[in-house]
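Here are some notes to go with the model, written as numbered points. Have the structure open while you read.

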Amino acid sequence: MKKILSAIAVSTILSASLCADMARVEIGAGAWAQTPSGTADYNAGGGVTGTNTFDEKKDTSAYVWMLVKHPIPVVPNIRLEYVSIHATGTATGSWGGVTIPGSSNSVLDIKEYDIIPYYNILDNTFWTTVDLGLDIKVMNMDYTVAQNGPFPGYQDSYTAPIPLLYARVRVEIPTTNIALESDAKYVTTGSSTVYDIRAKIDYTFDISPIVQPALEIGYRTQKIKIDEDGEDVKTDMDFSGFYAGLMLRF
């Protein structure tokens, strides 16, 4: 009887430990100090044949993310992300059938929503975690060219869902609360390439076994190069810079 009770106790402890390791929720939020660069060429018909050149002024963008890891077999885990990007520049050419006299100021606002179903290949095995999955990046873009003399201004909106491969590697340094992590979203086809890569270091405060706050600091670089026949817009845009934020692990 004692052996049975001991076996049940050990099994219960192991099961609780396994579930605690397998079921997890993490959320984070912070700011990304990104600098835009590159160009976008528009040839959309209706008198739109213009070029936008970013002025490479640093802007701080807000971001949030959440991941949910569960113990249900076959069903993928989920990670959700959001970031807003604001970039100013200079527009030249013809917009809406009216040619800009010289150039005019422009603004591009991008809201990115990433939906990432993924599988946990390694889960803190020898302090290493590896995730593989698919990212559906939905980009909502609002583009505005300011009025300039006889040019009345121009405004357009565009939404593009882009599928990318997703990979994440995390290494926790033993006997410390420090971890190194990097993730990448990537796709290339023809002359087009889109990627979103991050590398960071984070520190977890071991305050409570239920909720663990943490700080993250890293670098993020994103490229959106679209050069396909038949597309109204051809872009070669880069957004890169350091970011920092807070995290909570449950």
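Predicted model: local features only at pLDDT ≥ 70, side-chain atom pairs only at ≥ 80, totals over all residues.

**Notes on the strands, salt bridges and pocket**

1. Let me start with S10 and S11, which are antiparallel partners with 12 bridges between them.

2. Next along, S11 runs antiparallel to S12, and 15 bridges join the two. Ile224 faces Met237 of S12 in this pairing. The two strands make a hairpin with six residues between them, and in that turn Gly230 takes a positive phi of about 90°.

3. The S11 and S12 strands are also tied through side chains. Lys223 and Asp238 form a salt bridge, at 3.3 Å from N to O. Lys223 sits in strand S11 and Asp238 in strand S12, 15 residues apart, and the pair counts as a link between distant parts of the chain. Are these two buried or exposed? Both Lys223 and Asp238 are buried.

4. Arg170 has 6% relative accessibility, so it counts as buried. Asp202 has a relative accessible area of 2%, so this residue is buried as well.

5. How many salt bridges are there? The count comes to 25. As a reminder, side chains of opposite charge can pair when their charged atoms come close.

6. One of the salt bridges that I would look at with some care is Arg24 with Asp123, where the closest N and O atoms are 4.0 Å apart. The cut-off matters for the burial call here: buried means under 20% relative accessible area. Arg24, at 19%, therefore counts as buried, and Asp123, at 18%, is buried too.

7. On to S6 and S7. These run antiparallel, joined by 15 bridges, and Lys111 has Asn140 in S7 as its bridge partner. S7 in turn runs antiparallel to S8, with 18 bridges between them. In S8, Pro163 is the residue opposite Ile136.

8. Which residue has a positive phi in the S6 and S7 hairpin? With two residues between the strands, the hairpin has Phe126 at a positive phi near 50°. Phe126 is not a glycine, and most residues other than glycine have a negative phi. Phe126 lies in the loop between S6 and S7, and at 70% relative accessibility it is exposed.

9. Glu56 is another non-glycine residue with a positive phi, here about 60°. You will find Glu56 in the loop between strand S2 (48–54) and strand S3 (59–69). Its relative accessibility is 51%, so it counts as exposed.

10. Last, the second largest pocket, with about 390 Å³ of space. Of the 20 residues in its lining, Tyr42, Met141, Tyr158, Val233 and Thr235 are closest to the centre. Strands S1 (24–45), S7 (128–145), S8 (154–172), S11 (212–226) and S12 (233–249) each give at least two lining residues. Which strand gives the largest share? That is S8, with five residues. By class, the lining of this pocket is made up of 14 nonpolar, two polar and four charged residues.

Key: Residues numbered from 1 in each chain as written. Heavy atoms only, no water. 1 Å grid on protein atoms, 1.4 Å probe; cavity = no way out; pocket = protein on both sides within 12 Å on 5 of 7 lines; lining within 4 Å. Points joined across faces, edges and corners; volume = space filled by probe spheres on them. Helix = DSSP H or I, 4+ residues; strand = E, 2+ residues; numbered from the N terminus. Nonpolar A, V, L, I, M, F, W, Y, C, P; charged D, E, K, R; others polar. Buried < 20%, exposed > 50% of the residue type's maximum accessible area, 1.4 Å probe, protein only. Pairing = 2+ DSSP bridges.
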